[in-house]
Amino acid sequence: MFARNYVRDLRRLLGYRELLALIAKASEIWPRLNRESVNIPQPARMAEMAAVMHLHFKAAPYRGPEGLALRGFYVDHGQNLLKRPLVYVNTAHHPVAVVTTFCHEIGHHMASDIFRGAGELVHLFVDADYAAHLDDSTELAADVIVALAAYPEPLARKIFGCQTPLSGLVAQAGALGDEQLEQVRERVEGHFGVNFKSMKSAPQKLRYLAGMIHFAKLRWALLEEFDT
Ligand SMILES: [Zn+2]
């Protein structure tokens, strides 16, 4: 994911009309999406939101062999295979990671109508497997919801919108500038309360940092490609 050109991947996988349809659907649940930051809901609030969307919802720490590697999943109801779609989030993670997973899985639900028939019925969210999300329209659409929730447009413009032509070229090669990354880190630590320094597991810290960079690059690409 570090070498990927996010603008190119976004252009390949998601059209502007699909993006608008996705935002319109998500705005039914988050009316201020992309205008203001989405508040971090507690699992009980997530359950209420899921109920409004007629989803089966489960939020619990995952005790299976994949442990923390599994962030959550979405199961489409497909050809009425299930009565209702199913969302699961692994609450063994940091609260911000839990909310990120929730937004991602809800994003799948939003995308399921738009990309009807595309992709798999079962979508596993495996930690740090972000490169795979850049090869699948439904995964990328789900991540778009996360990126819009974390960086509403006014904030995204402030952080990512003022590049010099030179830094623009660098960004197109797949990198964010140091200054932008610093602002992203401040946002994630300051607003969302993630303290990377206090994380005891180095591999887990790296996975969270990879997620931070992935969603920031995606948010930048949305601004670059769709001016949104
Ligand atoms: Zn997914």
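Me: What volume does the largest cavity have?

Reply: Rolling a probe the size of a water molecule over the atoms shows where empty space is left. A cavity is a set of points, on a 1 Å grid over the protein atoms alone, where a 1.4 Å probe fits but cannot get out. Its volume is the space filled by probe spheres set on the points, which are joined across faces, edges and corners. Here the largest cavity has a volume of about 380 Å³, and the whole structure holds 1 cavity of 30 Å³ or more. This is a predicted model, where local features need pLDDT of at least 70, side-chain atom pairs count only at pLDDT 80 or more, and totals for chains, interfaces and linings use all residues. Residues are numbered from 1 along each chain as its sequence is written, and side-chain values use heavy atoms, leaving out hydrogens and water.

Me: Which residues lie nearest the centre of the largest cavity?

Reply: Lining residues have an atom within 4 Å of a point. There are 23 of them, and Val96, Ala97, Thr100, Val146 and Phe215 lie nearest the centre.

Me: Which helix gives the largest share of that lining?

Reply: Helices are DSSP runs (H or I, at least four residues), numbered from the N terminus. H4 gives the largest share, 5 residues; H4, H6 (137–150) and H10 (202–226) each supply at least two.

Me: Why is H4 called largely enclosed?

Reply: Buried means under 20% relative accessible area, with a 1.4 Å probe and protein chains only. In H4, 17 of the 20 residues are buried, so the rest of the structure largely encloses this helix.

Conventions:
Buried means under 20% relative accessible area, exposed over 50%, partly exposed in between (1.4 Å probe, protein chains only). On a 1 Å grid over the protein atoms alone, a cavity is a set of points where a 1.4 Å probe fits but cannot get out, and a pocket is an open set with protein on both sides within 12 Å along at least five of seven lines; lining residues have an atom within 4 Å of a point.
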